[in-house]
Amino acid sequence: LWDKTLHRVRWETRWVWERDATSWSKGKLRELLVGITVENEAGHCEVSELKQVEGEASCSSRKGKLIFFYEWNIKLGWKGTLTESGVKHKGLIEIPNLSEENEVDDTEVNVSKKKGDGDILKDLMKTAGTAKVREALGDYLKALKTEFTTGMILPTKALSTQELTVKRKPSENTLQAHASSPVALGVRIPTVALHMTELFDTTVEQLYGIFTVKDLVQKFSKAPAVLEAEKGGKFQMFDGNITGEYLELVSNHRIVMKWRCRNWPEEHYATVALNFVPTLGQTELQLDCKGVPVCKEENMKFCWQKQHFEEIKGLLQLPTLNG
């Protein structure tokens, strides 16, 4: 009598998601650190370049609160000039572990200089220079928590718990799903839509084939692939890192796919639509993608621009493409 009974299902919507702040952070760190200057009667010093910035940063929302993660290994180049002699010197500033585990004032900042005279400049960088570097790192963290999060919409208390009345007949798969993953129901993931276009020096027919013929997919992706290029057919590309299903195929005109990357939240798919438009001896590929997790937006753009568009253009230049 299940299908004749109203069942009240209550769950807490788990707002657990991330937004990648890595690319933004690298730009902000360069902006704040490069150009720092300090001086005294002995000389003048300046942070002249960002030699290395390795690590990552992200912002996540959990139960209506923003949580920040960052971990950086930074190397800066500095140069200085002695006032009396005009002799120039160069050195390094290393910040091996800027992370949320340490206060900025306690963050390790190591100053070194190339061999030779000029230790007075090194001392200037170790004192006044280090203080200004730490001040800039503090400014980065303030910007991460304010500037980077501008426009983020946090869930309200009203959304944190939902109560729904549903009417349905259970299936074996439904019961198994509830038994194995009871928290999957109700998980909400903030998503974004992407639109990209790219011109290719080829025909519509050839470009369409590159997305639907297994051998051509393997050539541009340089990895094993499995394709069933028909409606309802499954696909795996980049050695299984990308999987999905063909929802629509209009030969030489349009492809629509369910699409997911391996590191996305479990069972979450985006919808990718490819439109092939002939234009003056070339083909314009119009990409529309809906449902990309917010925290994977930059990765998705990189995937299409670098691993698809650029690799396909390289493939099109091979004389053996049609061989």
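These are my notebook entries on a predicted model of one protein chain.

**Entry 1: the whole chain**

I began with the secondary structure and found 7 helices and 15 strands. The chain has 323 residues, and 38% of them count as buried. I then looked up the contacts between residues at least 6 apart in sequence, and 59% of these join residues at least 24 apart.

**Entry 2: helix 1**

I took helix 1, residues 22-33, which has 12 residues. From its first C-alpha to its last it reaches 16 Å, close to the 16 Å expected at 1.5 Å a residue. Which residues of helix 1 are buried? I noted T22, S25, K28, L29 and L33. These residues cover an arc of only 120 degrees around the axis, so they lie on the same side of helix 1. I then turned to the face directed away from the buried side, and there I found the exposed residues S23 and E31. After helix 1 comes G35, and its phi is positive, near 105 degrees.

**Entry 3: aromatic rings**

I went on to the aromatic rings. A pair of such rings is described by the distance of the centres and the angle of the planes. The count for this model comes to 12 aromatic pairs. I checked one of them, Y208 with F276: the ring centres are 5.5 Å apart and the planes stand at 65 degrees. An angle over 60 degrees counts as edge-to-face, so the pair of Y208 and F276 is edge-to-face. Where do Y208 and F276 sit in the chain? Y208 belongs to helix 5 (residues 204-212) and F276 to strand 14 (residues 270-279). They are 68 residues apart, and the pair links distant parts of the chain. Both Y208 and F276 are buried.

I also noted that Y208 and F276 belong to one aromatic cluster, which includes F200, W259 and W304.

**Entry 4: lysines over rings**

I looked for charges over ring faces. K313 lies over the face of F200, at 5.6 Å from the ring centre. K258 lies over the face of Y269, and here the distance from the ring centre is 4.5 Å.

**Entry 5: E245**

I found E245 in strand 12 (residues 242-250). Is E245 buried or exposed? Its relative accessible area is 17%, and buried means under 20%, so E245 is buried. I noted a polar contact between the side chains of E245 and K234, at 3.0 Å. Leaving aside residues up to four places away in sequence, I listed what E245 touches: G232, G233, K234, F235, V256, M257 and K258. K258 is the lysine I had found over the face of Y269.

**Entry 6: T146**

T146 is in the loop between helix 2 (119-145) and helix 3 (157-160). T146 counts as exposed because its relative accessibility is 51%, and the cut-off for exposed is over 50%. A polar atom of the T146 side chain lies 2.6 Å from the backbone oxygen of K142.

**Entry 7: positive phi**

K222 is in the loop between helix 6 (214-221) and strand 10 (226-227), and it is exposed, with a relative accessible area of 63%. I found N252 in the loop between strand 12 and strand 13 (254-261). At 22% relative accessibility, N252 counts as partly exposed.

Notes. Residues are numbered from 1 along each chain as its sequence is written. This is a predicted model: local features need pLDDT of at least 70, side-chain atom pairs count only at pLDDT 80 or more; totals for chains, interfaces and linings use all residues. Side-chain values use heavy atoms; hydrogens and water are left out. Rings of Phe, Tyr and Trp (its six-membered ring) pair if their centres lie within 6.5 Å; planes under 30 degrees apart count as stacked, over 60 as edge-to-face and the rest as tilted. Helices (H or I, at least four residues) and strands (E, at least two) are DSSP runs, numbered from the N terminus. Buried means under 20% relative accessible area, exposed over 50%, partly exposed in between (1.4 Å probe, protein chains only). A charge sits over a ring if NZ of Lys or CZ of Arg is within 6 Å of the ring centre and within 35 degrees of the ring normal. The expected span of a helix is 1.5 Å times one less than its number of residues. The arc is that of the directions from the helix axis to the C-beta atoms. A polar contact is a pair of N or O atoms within 3.5 Å; within protein, one must be able to donate a hydrogen and the other to accept it, and residues adjacent in sequence count only if both atoms are side-chain atoms. Contact means heavy atoms within 4.5 Å.
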